[in-house]
Amino acid sequence: MHRALQLAALGPATGPNPRVGCVLLDPQGRTGAEGHHRGAGTPHAEAAALADLAARGGSAAGWTAVVTLEPCTHTGRTGPCAQALVAAGVHRVVIADTDPNPTAAGGAQLLRAAGVDVETGVLAQRARSLNERWATAVGRGRPWVTWKFAATLDGRSAAADGTSRWITSAPARADVHRLRAEHDAVLVGTGTALADDPALTVRRPDGTDATGPQPLRVVAGLRELPADARLRDGRAELLHLRTRDPHRVLTTLAEREVRTVLLEGGPALAAAFARAGLVDEVVAYLAPALLGAGPAAVADLGVSGIAGALRLDLAPGEDAVARLGDDVRLTARPRARPAGERDPDPSHPPVVEEAARVHRDR
Ligand SMILES: NC(=O)c1ccc[n+]([C@@H]2O[C@H](COP(=O)([O-])OP(=O)(O)OC[C@H]3O[C@@H](n4cnc5c(N)ncnc54)[C@H](OP(=O)(O)O)[C@@H]3O)[C@@H](O)[C@H]2O)c1
């Protein structure tokens, strides 16, 4: 399973499908073939491993398949993997994580019904963390949302005159491009689109667009974008969603099989998502600077007393707090509210309810 997880990690971090690895062991327990999923429309890991074995002239009859995610049962762009393993004569399947996707789950059951010996839960936590954003997205039927912002130490996202380029230093800005590349879509409100005329593409430090797929560029809000907006330059697809409803935004993106969204602001849109409990992770780039005036990184959250603060916990892992040049990157997640605790101000909706459910589901 360690090897299968290594193979899975070779797959793309973005796209509609999870990262999956598969190792086929002969009856003596020796590795006979390997495979991993390389992205939507390409063979699933099990199919890739079976093809690898066939190319070597081998047969999987009586073999063991070690796979990082429960084999699927549905026919999407490719055929169902559980059936393919049964048809190949595999006698044992070792699975790390079960499939949270309701349309694809049930593989272990299908295999057992066909007389295959199935073991689940081997290194399950490692497998789940590899596909955490994807699993959250398919399990909940809406994309995973990472909200990123840059601010001064006093939490300002722009100066009093509206200028905001650049709050953070070059290493932090380069890191934002890495973050963009890890998401299927980048989202801003019309306020940011009109004020900053951003390109929202993944770029190299020299300013040129990175090779590889560019995230979908999404703008939410009712106002029109100018004809000469950078977002219309064709360097990546643009989707303008003429709505102010965060749920509607995510539903539309889910219909397009977008699994991960990087919400890049601005303060009004970020507040709307946070209030709706639709933020899964916050990545804050904090510059050691003070402005003393200017808009805050996030607009009104409807919190009137300290007890109502949207509390976050640092994300797991050592890089939850990282130094980037002179700046600090902080990665945190909305904290699950203790069971039974009421929202301190009943006139405001509980902003972390949704996030609490994400944590329980994990
Ligand atoms: N430091 C940072 O990290 C950072 C990041 C981004 C932006 N900024 C700065 O933020 C400023 C823009 O701030 P902003 O708050 O106007 O930007 P915004 O949040 O990007 O846009 C706000 C607009 O989005 C639309 N919208 C869509 N759904 C909404 C909802 N649920 N709630 C509220 N509005 C919704 C509304 O416009 P319609 O009337 O068109 O519907 C609203 O006026 C710029 O100066 C920019 O430089 C800073």
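This note goes through a predicted model of one protein chain, point by point.

1. Overall make-up. The chain folds into 11 helices and 14 strands. Its radius of gyration is 23 Å, close to the 21 Å that the globule rule gives for 362 residues, so the chain is as compact as a globular protein of that length.

2. Of the 362 residues in the chain, 47% are buried. The accessible surface comes to about 16800 Å², and carbon and sulfur atoms supply 53% of that area.

3. Contacts along the sequence. Take the contacts in the chain with a separation of 6 or more: 69% of them join residues 24 or more positions apart.

4. Charges. There are 42 positive and 41 negative side chains in the chain. The centres of these two sets lie 1 Å apart.

5. Helix α6. This helix covers residues 132-140, and seven of its nine residues are buried, so α6 is largely enclosed by the rest of the structure. The buried residues are E132, W134, A135, T136, A137, V138 and R140. Just after the helix comes G141, with a positive phi of about 70°.

6. Helix α10. Which residues of α10 are buried? They are L269, A270, A271, F273 and A274. An α-helix has 3.6 residues a turn, so residues three or four places apart point the same way. The cover over the buried residues of α10 includes the strands β6, β7 (185-189), β8 and β10, together with the helix α9 (246-255). After α10 comes G277, and its phi is positive, near 70°.

7. Cis peptide bonds. W166 sits in the loop that runs between β6 (144-152) and α7 (170-181). Another cis peptide bond joins G265 and G266, and here omega is about 0°. G266 belongs to the loop between β10 (260-263) and α10 (267-275).

8. Positive phi at L123. This residue is not a glycine, yet its phi is positive, near 55°. L123 lies in the loop between β5 (117-119) and α5 (124-130). Is L123 buried, exposed or partly exposed? Its relative accessible area is 29%; buried means under 20% and exposed means over 50%, so L123 is partly exposed.

9. Positive phi at D197. D197 is not a glycine either, and its phi is positive at about 45°. The residue is found in the loop between α8 (190-196) and β8 (216-220). With a relative accessibility of 26%, D197 counts as partly exposed.

10. Aromatic rings. How many aromatic pairs does a search of the whole structure find? The search finds one. The partners are W147 and F149, whose ring centres are 4.8 Å apart. The angle between the planes is 35°, and the pair is tilted. Both W147 and F149 are buried.

Definitions and conventions:
Residues are numbered from 1 along each chain as its sequence is written. This is a predicted model: local features need pLDDT of at least 70, side-chain atom pairs count only at pLDDT 80 or more; totals for chains, interfaces and linings use all residues. Side-chain values use heavy atoms; hydrogens and water are left out. Helices (H or I, at least four residues) and strands (E, at least two) are DSSP runs, numbered from the N terminus. The radius of gyration is taken over C-alpha atoms; the globule rule is 2.2 Å times the number of residues to the power 0.38. Buried means under 20% relative accessible area, exposed over 50%, partly exposed in between (1.4 Å probe, protein chains only). Contact means heavy atoms within 4.5 Å. Accessible areas come from the Shrake-Rupley method with a 1.4 Å probe; for residues, only the protein chains shown count as cover. Lys and Arg count as positive and Asp and Glu as negative; His and the chain ends are not counted. The place of a charge is taken as NZ of Lys, CZ of Arg, CG of Asp or CD of Glu. Rings of Phe, Tyr and Trp (its six-membered ring) pair if their centres lie within 6.5 Å; planes under 30 degrees apart count as stacked, over 60 as edge-to-face and the rest as tilted.
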